[in-house]
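Hello,

Here is the structure I said I would pass on. My notes follow below it.

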Amino acid sequence: MTTLTIQYDARNSQLNALIDEIIQAGAKILEPPTETISEKDKVLKAYQKMFGKRRGNKYTEEEIFIFNSKLQAAQTIAKYV
């Protein structure tokens, strides 16, 4: 399945008819995602998954080094798999 985003004049009757045909053919209108997760939140969740939750989300330099090393190794290996 592919997602298509279009920008058009909603008052254009030809485009409205075309969109109606597309919807009748089985296309669905999707609502945009309401929650966006920042990169910082993604990294924090990964730290928490690997090392457990900490008070104040404080992690040592060694833990950060280990996390980054594993992440870079996984990305390098993924290139060759």
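Glu-63 sits in helix H3, residues 61–80. Helices here are DSSP runs of H or I with at least four residues, numbered from the N terminus. This is a predicted model: local features need pLDDT of at least 70, side-chain atom pairs count only at pLDDT 80 or more, and totals for chains, interfaces and linings use all residues. Residues are numbered from 1 along each chain as its sequence is written, and side-chain values use heavy atoms, with hydrogens and water left out.

Glu-63 is buried, because its relative accessible area is 13% (buried is under 20%, exposed over 50%, partly exposed in between; 1.4 Å probe, protein chains only). Leaving out residues up to four places away in sequence, Glu-63 touches Phe-51 and Arg-54 (contact: heavy atoms within 4.5 Å). With Arg-54 there is also a side chain to side chain polar contact at 2.6 Å (N or O atoms within 3.5 Å; within protein, one able to donate a hydrogen and the other to accept it; residues adjacent in sequence count only if both atoms are side-chain atoms).

Next, the loop between helix H2 (39–51) and H3: Asn-57 is found there. Asn-57 is not a glycine, yet its phi is positive, about 55 degrees. Asn-57 counts as partly exposed because its relative accessibility is 37%.

Best regards

Terms used: Helices (H or I, at least four residues) and strands (E, at least two) are DSSP runs, numbered from the N terminus.
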